[in-house]
Amino acid sequence: MQSLQFAAPTSLAEAAALLGGSDNPKVLAGGTDLLVQMKLGLREPALVVDIKRIPELGEVSLGADGLRLGAAVPGAEVTANADIAALYPGFVEALGLIGSTQVQGRCSPGGNLCNSSPAADSVPAMIACGAQCNIYGPNGMRSVPVEAFNTGPGRNCLAADEILVSLEFPRPAARSADAYLRFIPRTEMDIAVAGAAVALTLDDAGVCTAARVAIGAVAPTALLVPAAAEALVGSKLDDAALAAVAEAASAAANPISDKRGTAEYRRKVVGVLARRAALIAQSRAQAEE
Amino acid sequence: MTSDMTVKTQFRHVGSRPVRPDGLDKVTGRARYGADMNLQGQLYGHIIRSPHAHARIKSIDFSEALKVPGVLATMSGADLPEPGEALIPGAEIEMKLKNVSPVIMARDKVLYHSHAVAAVAATSPRIAAEAAKLVKVEYEVLPAVLDMHAALAEDAPLLHDDNFTVGIDPPPEKPSNVSVQIEMAKGDLEAGFAAADVVIERTVNVPMCHQAYIEPHACVAKADEKGRIDIWCTTQGPFVVRLLVAEITGIPQKDIKVTASEIGGGFGGKTTVYIEPVAAVLAKKSGRPVKIVMSREEVFRASGPVSDSETRVKIGAKKDGTITAIDSDMIMNTGAYSASAMFAGVLFGTAPYTAENIRSKGREVLTNLPRVWAYRAPGAPQALTAVECVVSELAAAIGMDPIEFRLKNAVQEGDVPLYGMPFSAVGLKECLQAAKDHPNYQAALGENQGRGVACAFWINAGMQSSASIHVTPDGGISVMTGSPDIGGSRASMALMAAEVLGVPVETVHPAVVDTDSIGFCDGTGGSRTTLATGGAVIQAAEKLVEELRRRAAAAWSVSIDDVAWLDGKAVERCGVGIDELIEGTSPVKDGAKVLTLAEIALTAGATGGPLTAVASLHAHNSAPSFAVNVCDVEVDPETGKVDVLRFTCAQDAGKAIHPAYVEGQMQGGAVQGIGWALNEEYLFNADGVLDNAGFLDYRIPVASDLPMIDTVIVEVPNPLHPYGVRGVGEVSICPPMPAVVSAVNNAAGTLLYDLPMSPPKLLAAIDAG
Amino acid sequence: MTTQKKLHISTTLNGEPCEFLCEPGQILSDVLRNTLNLTGTKEGCTTGDCGACSVMLDDALVCSCLVLAAEAEGKSIETVEGVGHEGQLHPVQEKLLEHAALQCGICTPGIVVAAKALLEKNPDPSEEETRYWLAGNLCRCTGYDKIIRAVMDAGATMRGE
């Protein structure tokens with residue numbers, strides 16, 4: 001057994017240096033995935049780098065341009081922030097769905113993204129919102145859209161010495177809203193069997209002028225589904241448009257069968273969720289007068 | 001106790017709801033459970049488990065592990081005596097040691113994934129775990145059978161080549177994977193079905209599940225220089241642990257003391273041993289105390305889960321609602337060794353009904369899965385689920401209300417069930433009526449909603465118990481038993497002692513003590529503790545009252561017959577009859593002498609010595625319980641998700657000693673049954689590896705899954721018990737599964753009998769129309 | 001096999017200064033139970049699924065099995081042992097006893113800590129809010145009915161009703 005080291009750096013540069021200097025490092029944010037994986041013997045890092053003492057990782061900044069959310073901000077802090085919930089209700093719901101109240105005290109949007117599970121709840125919601133990842137590395141900052149961050153189950157685009165610093169959400173246009181729904185067998189404490197997020201903008205007449213639809217737990221990574229968005233744009237979310245959204249979401253899904261559900265089930269349910277989420281987003285956008 | 005005894009009906013304490021005596025320790029975190037004990041110099045045991053579902057053990061090499069600094073002992077099956085064919089003497093149920101010992105440590109073959117193969121003890125849990133990885137076990141992998149149908153196939157690989165099915169005449173000459181089979185019948189089945197207007201036949205599958213107690217198994221064992229073993233562990237039965245550790249390790253029972261910790265749930269799963277014999281052997285070999293705590297993953301993989309079953313049930317009824325015949329055929333999975341409760345399923349599945357023509361068959365099947373163990377009313381939920389689902393369908397088919405249908409066929413006093421013992425007074429009809437009268441049953445249902453009803457039976461156990469009572473010099477009462485308190489039994493012991501002694505319940509201090517400090521007690525199981533251990537407490541308290549009267553009589557130089565015991569005091573009768581005094585029809589005479597319990601206690605040293613009383617009994621006065629559940633659900637037709645909207649339990653408790661804890665048993669059993677019906681199941685992969693060995697994917701109900709669980713305590717006193725008590729802990733898990741299944745099928749328009757009714761399965765059934 | 005050099009961690013535990021040594025990979029529940037002998041914090045799974053190890057870490061309700069003990073440096077920890085004691089029980093503890101809302105009691109310390117956190121954040125939770133807040137505290141014995149009633153009743157007591 002290799003000896004495990006622990007470090008809690010207070011700057012990005014220090015953290016990147018620690019990560020670059022170890023042959024088997026892991027970043028610790030909320031730990032709600034990492035410590036479980038270590039317990040079950042799935043990961044045996046040589047170095048655990050707690051990044052919660054780095055100021056940028058805990059930053060919450062809501063302004064005219066939108067929201068910048070430190071990657072390690074705990075879920076409970078975000079869900080308690082009424083201003084964020086008013087602008088990004090679907091994302092906040094999705095983040096709040098991760099685990100128990102106890103997990104909410106620790107889990108973070110950055111951790112949810114970097115764990116790179118296809119079933120991560122907040123990821124489809126961030127994709128629907130058009131969020132960008134701000135990544136720090138030895139060569140400075142770079143930015144990638146959330147939908148491009150994960151490359152497969154447990155895999156993402158971060159280099160060994162890179163750190164996800166924050167997530168940048170554009171400010172939604174007027175008469176816009178988002179929604180996220182997931183399916184789990186119980187009411188809490190499960191991993192999503194399927195998930196769908198919809199963000200949309202309506203015009204004065206209630207016609208959808210822009211939309212983004214993302215689905216989770218039905219493919220190796222969360223997916224942006226342009227065909228589902230196209231089904232919404234130009235419609236008032238009539239039955240035909242909703243059926244087309246469901247169909248597009250199901251068609252985009254490429255699920256597996258496992259202990260949480262069959263591929264057939266996931267494919268069908270993700271369409272149902274996309275349709276229902278679209279209706280919730282619509283009613284939220286309409287309420288925004 | 002005789003059948004013409006009077007059952008007490010007026011109580012001062014029994015039936016009240018005092019705060020439980022152990023409650024304060026539990027809400028403050030002071031209560032000490034299995035893993036909360038640490039001894040100076042203790043080592044930590046780690047068990048090495050099989051990566052294969054079926055394999056021959058070719059060799060075990062500890063040499064590398066022993067080189068690790070801090071590793072002080074190792075063991076394997078070779079350290080345990082050869083079990084032979086002997087039955088375990090004095091066990092609660094008939095068990096061969098060869099079906100128990102190899103569960104603790106495999107011998108020759110491993111028969112399921114995670115089967116214990118060897119163990120190491122080291123100075124820290126981390127060193128023990130690392131050293132365990134260095135133990136080299138060489139296996140010859142064998143083909144495995146991972147479900148009952150595969151095991152029943154003609155050419156199936158055999159788990160035990162010496163297993164010849166018991167219960168076949170003449171005995172078979174070929175070994176098989178059927179350990180035992182049974183057929184019970186009465187009446188004329190063919191004539192019964194011929195007389196029926198409607199016959200329905202279904203096959204109902206109930207999945208393998210787990211008791212899912214929150215506290216993992218944990219123990220600490222130490223051995224002294226003379227070889228005497230002292231074990232602290234979480235268990236439903238410290239005397240069971242003493243017996244099994246002795247049988248498995250060869251250490252005599254007289255050299256073993258077992259102290260039961262507070263127990264964090266068991267539900268039947270802690271009525272046996274897994275780690276205690278290992279800790280005892282490692283402690284003996286190392287000379288140091290050894291602590292073993294199972295991980296949650298180990299608990300799921302390698303303790304005793306609960307049999308899955310497949311039951312084909314065919315029932316016929318006349319249009320007037322009379323059930324004319326019941327035919328049931330069950331196969332029940334026992335895992336790697338014979339241990340299932342198949343007999344109970346065969347015997348009890350039809351017990352609620354008066355039907356004259358019944359046949360019930362069962363086979364117990366061996367598979368390369370963990371050896372199953374008891375779970376709350378073992379065997380009955382599986383059998384009753386099958387029967388009750390068909391009964392509900394039959395009622396609907398003849399257009400009769402499902403409760404009316406059951407009332408028409410319900411057993412009562414004098415009826416003789418398939419297992420042959422005539423019922424004394426039982427409360428099935430009363431429970432059915434209570435359910436029918438409950439607002440739940442009258443409430444309107446909306447779209448996609450459905451209601452299910454089911455009733456159930458459990459036999460309840462009596463068995464052996466001991467109690468002792470001591471009085472402190474200032475009149476406090478210590479009540480000791482050997483029955484671990486798993487659901488509030490200390491509260492009921494205190495109430496029963498207070499009732500007999502006429503003292504405030506707060507002055508009674510009940511305790512569960514170690515096996516050296518009290519006479520033998522069978523385990524807390526079979527819903528027997530309040531009845532049997534409570535019976536011992538009542539008898540001991542009665543003896544104490546007699547002794548207190550004797551002391552007062554001596555003090556007053558009168559005959560003991562002239563002393564009555566009233567409200568915690570000795571009172572001189574002065575000619576008034578004892579019954580009149582007790583019933584209050586005649587007052588205590590002016591000037592009659594009085595001595596309080598505390599006054600007698602204070603002078604006990606001068607009047608004959610300390611005040612103590614002991615009672616031991618073998619209770620033959622248990623009586624069955626019946627229960628009825630009503631369940632309302634809503635089904636999402638697009639996802640197959642089931643929401644339980646409302647749930648009501650009516651159950652015959654005989655007499656509820658502490659009604660709040662009776663309700664707790666009803667509610668807890670209901671929710672376990674709901675979980676089993678909807679989401680709980682063991683999922684094995686193609687290699688026999690459990691795929692959901694954690695609370696994340698072994699999905700027990702969480703708080704937000706449920707409504708309040710309404711309860712109606714029905715009290716039809718057990719005529720054989722002085723207070724009318726019946727067991728309450730187990731029958732509660734029997735009706736919820738069929739109630740949920742019927743409710744879901746009624747809501748969704750499906751006939752799904754393949755449990756659990758998980759969303760993918762239910763949606764497929766809905767979509768199949 | 002290497003012995004791991006321990007880290008020296010300074011915290012505030014149940015209102016008192018507390019320093020301890022821990023291995024870098026040691027989880028907080030292990031240190032609380034086995035180093036500091038505060039066994040009121042229970043371990044039912046050590047994977048964050050059962051809630052029996054619930055503690056407060058600064059202002060956050062967390063599973064102490066999902067926290068590295070080393071992370072607690074400079075932080076404040078409150079365990080069940082810090083919630084109330086004989087003669088001065090917290091209303092949640094009082095009401096759990098009064099409602100007979102425990103059977104085996106292994107989940108109770110976690111429920112006490114979690115319910116106290118709920119009522120501090122939301123003094124008047126609905127039944128649904130209470131159920132969802134406590135969804136991460138598994139109880140296998142009670143069916144939750146009496147627990148939910150007890151917590152809501154404790155809220156009423158704290159509101160002076």
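**Strand pairing, helix packing and chain contacts**

The model is predicted.

- S11(A) pairs with strand S12 (residues 194-202) of chain A in the antiparallel sense, over eight bridges.
- These two strands belong to an open sheet of four strands in chain A, with the order S11-S12-S13-S14 and antiparallel pairing.
- The edges of the sheet are strand S11 (176-183) and strand S14 (223-224) of chain A. Each of the two has a single partner strand, so one side of each has no neighbour in the sheet.
- H5(A) packs on this sheet, where it touches S11 and S12 of chain A. The direction of H5(A) makes about 25° with that of S11(A).
- Helix H10 (residues 239-252) of chain A lies across S12, strand S13 (208-216) and S14 of chain A. H10(A) runs at about 35° to S13(A).

**Helices H5 and H8 of chain A**

- Two packed helices are described by the angle between their axes and the distance between the axes.
- For helix H5 (residues 89-96) and helix H8 (residues 122-129) of chain A, the angle is about 165° and the axes are 8 Å apart.
- Because angles over 145 degrees count as roughly antiparallel, H5(A) is roughly antiparallel to H8(A).
- The crossing of H5(A) and H8(A) is left-handed.
- On the H5(A) side, the contact is made by A:Gly90, A:Phe91, A:Ala94 and A:Leu95. On the H8(A) side, A:Ser122, A:Ala125, A:Met126, A:Ala128 and A:Cys129 take part.
- By class, the residues of the contact of H5(A) with H8(A) are seven nonpolar, two polar and no charged.

**Helices H19 and H20 of chain B**

- Helix H19 (residues 659-678) and helix H20 (residues 736-748) of chain B cross at roughly 50°, and their axes come within 8 Å.
- H19(B) and H20(B) are therefore oblique to each other.
- Their crossing is right-handed.
- H19(B) contributes B:Ala670, B:Gly673, B:Ile674, B:Trp676, B:Ala677 and B:Leu678 to the contact. H20(B) contributes B:Pro736, B:Met737, B:Val740 and B:Val741.
- The residues of the contact of H19(B) with H20(B) divide into nine nonpolar, one polar and no charged.

**Where chain B touches chain C**

- This contact takes 50 residues from chain B and 46 residues from chain C.
- On the side of chain B that touches chain C, the elements giving two or more residues are helix H1 (23-28), helix H4 (125-134) and H19 of chain B.
- H19(B) gives the most to this side of chain B, with seven residues.
- The side of chain B that touches chain C has 26 nonpolar, 14 polar and ten charged residues.

**Where chain C touches chain A**

- Here the contact takes 27 residues from chain C and 25 residues from chain A.
- Strand S4 (60-63) and helix H4 (127-133) of chain C are the elements that give two or more residues to the side of chain C that touches chain A.
- The largest share of this side of chain C, four residues, comes from S4(C).
- The residues of the side of chain C that touches chain A comprise 16 nonpolar, nine polar and two charged.

Terms used. Residues are numbered from 1 along each chain as its sequence is written. Chains are lettered from A and ligands numbered from 1 in the order in which they are written. This is a predicted model: local features need pLDDT of at least 70, side-chain atom pairs count only at pLDDT 80 or more; totals for chains, interfaces and linings use all residues. Axes are lines fitted to C-alpha atoms, for helices over the stretch in contact, and angles run from 0 to 180 degrees between N-to-C directions. Angles under 35 degrees count as roughly parallel, over 145 as roughly antiparallel, 65 to 115 as roughly perpendicular and the rest as oblique. A crossing is left-handed if the near helix is turned anticlockwise from the far one by less than a right angle, and right-handed if clockwise. Two residues are in contact if their C-beta atoms, placed from the backbone, lie within 7 Å. Ala, Val, Leu, Ile, Met, Phe, Trp, Tyr, Cys and Pro count as nonpolar, Asp, Glu, Lys and Arg as charged, and the others, Gly among them, as polar. Two strands pair if DSSP finds at least two bridges between them.
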